[in-house]
Amino acid sequence: MKRFLLMVLFAVLSIMLVGCSDSTGPKKTDGTDQETPVVDKPAEEVELLISAAASLTDALEDLKATYEEEHEGVKLTYNFGSSGKLATNIENGAPSDVFLSASSKDMNDMEEKGLIRDGTRKDFTSNVLVLIAHKDSNSTIDSFKAIDPEKVDHFAVGEPESVPVGRYTKETFENLNLWEPLQNKLVMGSDVRQVLTHVEMGNADLGIVYSSDAFVSDDVKVLAESNPEWHAPIVYPGAVVEASKHREAAQNFLDYLTSDAGKEVLQKFGFK
């Protein structure tokens, strides 16, 4: 009887040892007692959110494929609009990694409010203000000074409070004493591309946009360029947004814009 109990106890202990061995010993999926190799997971793709002035649309869209190919794991997502509205959206919590403005004023406001990272601000391009008409227009105007309010029915301009091109336009018109005489003729655009569309569609006789916007349109012609002394310098500053979750990738994108490759794309689309 004692010998029988010893045999039972030995059998139970053997089963327990085997169970422990099965649960703790690393195995391959084929059941052998060998350690399974650890495989690194692929790096997570970074979606870089770029809040950019509407005038940069064509250049940035052209740059997208090349940049993503050269920077594996980075996907560019754009949000185009007027610089003032984009700045307000970021201030109100809209997600963004990079802010590309068409004016120093909007970037200055962001910087004063601590909404961009210190040391990341860069001026990456510039532009010129131009007077445009539809390509089929018979206008003989050849300078801003030749604009006659009495001979204009509708004049497309950007909203000065939130659209940089509208701000530069107002400064120019005030210098030429045209702002008040043109008040009842103005058609306001929510960004520079809407101003361009008004002229393209024939909704306005004349309009004021950047040279880069006129450059990409087959439906308008440039009548004249503004004198840079009539308005604040048209420079485009960019910066990493303070709340960015991808600061390194955002900085890399800004560096690319100021590289030879970035400058080449911008010049290709009429930027200076």
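Is Asn177 buried or exposed? I started the notebook with this residue, and found Asn177 exposed, at a relative accessible area of 63%; for this label I take exposed as over 50% relative accessible area, buried as under 20% and partly exposed as in between, with a 1.4 Å probe and protein chains only.

**Ground rules.** I am working on a predicted model, in which local features need pLDDT of at least 70 and side-chain atom pairs count only at pLDDT 80 or more, while totals for chains, interfaces and linings use all residues. Residues are numbered from 1 along each chain as its sequence is written, and side-chain values use heavy atoms, with hydrogens and water left out.

**Entry on Asn177, continued.** I placed Asn177 in the loop between helix H5 (164-175) and strand E7 (186-189), where helices (H or I, at least four residues) and strands (E, at least two) are DSSP runs numbered from the N terminus. I then looked up the backbone of Asn177 and noted a phi near 60°, which is a positive value in a residue other than glycine. For background I wrote down that most residues other than glycine have a negative phi.

**Entry on the whole chain.** I counted 9 helices and 10 strands in the protein chain, and I noted that buried residues make up 44% of its 272 residues. Of the contacts (heavy atoms within 4.5 Å) between residues at least 6 apart in sequence, 77% join residues at least 24 apart.

**Entry on helix H2 and its partners.** I looked up the pair of H2 (residues 57-70) and H9 (residues 260-268), whose axes come within 9 Å and cross at roughly 135°; the axes are lines fitted to C-alpha atoms, for helices over the stretch in contact, and angles run from 0 to 180 degrees between N-to-C directions. That angle makes H2 oblique to H9, since angles under 35 degrees count as roughly parallel, over 145 as roughly antiparallel, 65 to 115 as roughly perpendicular and the rest as oblique. The crossing of H2 and H9 is right-handed, a label given if the near helix is turned clockwise from the far one by less than a right angle, with left-handed for anticlockwise. On the H2 side I listed Ala59, Asp62 and Leu63, which meet Val265, Leu266 and Lys268 in H9. The residues of this contact divide into 4 nonpolar, no polar and 2 charged, with Ala, Val, Leu, Ile, Met, Phe, Trp, Tyr, Cys and Pro taken as nonpolar, Asp, Glu, Lys and Arg as charged, and the others, Gly among them, as polar.

I next turned to H2 and helix H8 (residues 247-257), which pack at an angle of about 120° with their axes 12 Å apart. Here too the angle makes H2 oblique to H8, and the crossing is right-handed. The contact is made by Leu60, Leu63, Thr66, Tyr67 and Glu70 of H2 together with Ala249, Asn252, Phe253, Tyr256 and Leu257 of H8, and by class it has 7 nonpolar, 2 polar and 1 charged residues.

**Entry on Leu63.** Which residues does Leu63 touch, not counting those up to four places away in sequence? I found Leu76, Tyr78, Phe253, Tyr256, Leu257 and Val265.

I found Ser51 in strand E1 (residues 46-53), buried at 5% relative accessibility. The side chain of Ser51 makes a polar contact of 2.8 Å with the side chain of Ser96; a polar contact is a pair of N or O atoms within 3.5 Å, where within protein one must be able to donate a hydrogen and the other to accept it, and residues adjacent in sequence count only if both atoms are side-chain atoms. Beyond four places in sequence, the residues that Ser51 touches include Asn79, Leu86 and Ile90.

Thr120 sits in the loop between helix H4 (104-112) and strand E4 (122-126), and I noted that Thr120 is buried, at a relative accessible area of 6%. A polar atom of the Thr120 side chain lies 3.1 Å from the backbone nitrogen of Val240.

**Entry on Gly93.** I found Gly93 in the loop between helix H3 (83-91) and strand E3 (98-100), exposed at 56% relative accessibility.
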